[in-house]
Amino acid sequence: MKNIGIITSGGDAPGMNAIIRSVVRTAIFYNLKVIGIYEGFKGLYEKKFVELDSRSVSGIINKGGTILKTKRFYEFKKKEIREKCYENLKEIGIEGLVVIGGDGSAKASYLLHSEFNFPIVHIPASIDNDIYGTDYTVGFDTAVNTAIDAIDKIRDTATSHERTFIIEVMGRNSGNLALEIGLVCGAEIVIIPEKKIDIDSIVEEIKEEAVRGKKSCLIILAEGAGKAEELSKKLNEKLPDREIRYTVLGYIQRGGSPTYLTRKLATIFGNKSVELLIKKMYGYMVGIKGEEVVYIPLAEVVNNSKLPNFEYFEYIKKMAI
Ligand code: F6P
């Protein structure tokens with residue numbers, strides 16, 4: 001193998017640039033040429049290529065986003081589009097591809113590998129931490145830390161005014177991010193798509209907390225489990241004596257300089273992905289289990305779901321007494 005390609009796809013995540021840097025420099029270390037593909041699989045379809053040398057990835061380890069840009073490219077679900085992408089890879093001379101992205105991108109990696117037998121290694125990068133086979137995705141730690149920073153500030157005003165705050169965080173299909181944030185921000189209630197709570201139970205919970213002397217309350221709501229605005233209206237109706245406010249954290253969770261843990265994971269995953277291609281270990285995702293780097297077949301990754309750690313609800317309950 002002489003030429004490898006690198007692509008970032010789907011929602012961006014902090015640490016994607018640190019992965020690009022790691023992949024490019026590891027590849028150059030092993031005398032491989034690296035071709036960057038702009039704008040995700042859309043860019044692959046449209047042949048947006050650039051050669052990346054060692055200096056082209058200077059000064060990006062600390063930068064959020066992705067220098068290669070990214071797109072959601074739903075057309076990739078069509079076989080003829082994937083065929084064209086495969087043809088484009090061959091035409092430019094890419095012999096192995098590192099794909100950086102979340103669960104949707106892992107499916108794209110799996111399809112390209114299984115349908116065309118194309119040499120692919122996937123690196124999990126997503127703020128959602130919802131990819132089967134790895135304890136952590138690149139970017140998750142940074143997103144949690146961004147939320148901590150914001151929610152600690154909200155806590156100040158919530159406590160001062162003795163208000164109940166609903167904080168909507170990202171996670172369309174998965175509650176992993178919300179649950180982790182709830183645990184480390186000291187939330188009283190966490191609502192996620194995998195475990196929704198009916199309005200009367202929330203009201204009951206808030207009332208019980210008031211009896212225990214809690215005058216303010218933090219509710220973390222994953223966007224996939226409902227809208228903060230709606231929930232706050234409903235709670236205001238049911239609890240007219242309480243002051244209910246809400247904040248939607250939104251896209252700030254996707255940006256910013258990657259944390260220590262995100263950079264470390266990015267650098268290790270980038271290294272290992274290139275080494276897998278060199279060893280002809282194709283069709284794997286690089287992951288981490290405890291302290292150990294693991295390689296999971298993409299078929300296993302895409303055919304399983306990562307469930308939230310429901311034990312967290314127990315911790316949250318105990319911490320809210
Ligand atoms: O997958 C990451 C994520 O930020 C989710 O948490 C969120 O639901 C979704 O992407 C938002 O997608 P988009 O960037 O298309 O608005």
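Two strands are said to pair if DSSP finds at least two bridges between them. The model before you is a predicted one.

Let us take a single pair of residues to begin. Ile 166 stands opposite Ile 219, which belongs to strand 8. Strand 6 and strand 8 run parallel, and 6 bridges join them. On the strand 7 side, strand 8, which spans residues 217–222, pairs with strand 7 in the parallel sense over 3 bridges. Two of the partners there may be named: Val 190 has Ile 220 of strand 8 as its bridge partner, and Ile 191 has Leu 221.

These strands belong to an open sheet of 4 strands, in the order 7-8-6-9, with parallel pairing. At its edges are strand 7 and strand 9, the latter covering residues 244–248, and each of these pairs on one side only. From one strand to the next, the twist averages 20 degrees. Helix 8, residues 228–238, packs on this sheet and touches strand 6, strand 7, strand 8 and strand 9. The direction of helix 8 makes about 175 degrees with that of strand 9.

How many residues of strand 8 are buried? The number is 6 of the 6, so strand 8 is largely enclosed by the rest of the structure. In a regular strand the side chains alternate between the two faces of the sheet.

I turn now to helix 11, residues 311–319. Here Tyr 312, Phe 313 and Ile 316 are buried. Why do these three lie on the same side of helix 11? They do so because they cover an arc of only 100 degrees around the axis.

Within it, strand 1, residues 3–8, and strand 2, residues 33–37, run parallel and are joined by 5 bridges. One of the pairings is that of Gly 5 with Ile 35 in strand 2.

Next, the loops. Thr 70 is placed in the loop between strand 3 and helix 3. Is Thr 70 buried or exposed? Its relative accessibility is 19%, and because the limit for buried is under 20%, Thr 70 counts as buried. A polar atom of the Thr 70 side chain lies 2.7 Å from the backbone oxygen of Gly 10, and the backbone oxygen of Thr 8 lies 3.5 Å from a polar atom of that side chain. Leaving aside neighbours within four places in sequence, the residues in contact with Thr 70 include Asp 12, Glu 39 and Gly 40.

Lys 47, in the loop between helix 2 and strand 3, is not a glycine, yet has a positive phi of about 60 degrees. With 37% relative accessibility, Lys 47 counts as partly exposed. Asn 117, in the loop between helix 4 and strand 5, likewise has a positive phi, near 60 degrees. Asn 117 is exposed, its relative accessible area being 61%.

Finally, the ligand. Which residues are around the ligand? They are Arg 72, Ile 127, Asp 128, Met 170, Gly 171, Arg 172, Glu 223, Tyr 251 and Arg 254. Among them, Asp 128 has a polar side-chain atom 2.7 Å from an oxygen atom of the ligand. For Arg 72, a polar side-chain atom lies 2.8 Å from a ligand oxygen atom, and for Arg 254 the corresponding distance is 2.8 Å.

Definitions and conventions. Residues are numbered from 1 along each chain as its sequence is written. This is a predicted model: local features need pLDDT of at least 70, side-chain atom pairs count only at pLDDT 80 or more; totals for chains, interfaces and linings use all residues. Side-chain values use heavy atoms; hydrogens and water are left out. Buried means under 20% relative accessible area, exposed over 50%, partly exposed in between (1.4 Å probe, protein chains only). The arc is that of the directions from the helix axis to the C-beta atoms. Axes are lines fitted to C-alpha atoms, for helices over the stretch in contact, and angles run from 0 to 180 degrees between N-to-C directions. Contact means heavy atoms within 4.5 Å. A residue is near a molecule or strand if one of its heavy atoms lies within 4 Å of it. A polar contact is a pair of N or O atoms within 3.5 Å; within protein, one must be able to donate a hydrogen and the other to accept it, and residues adjacent in sequence count only if both atoms are side-chain atoms.
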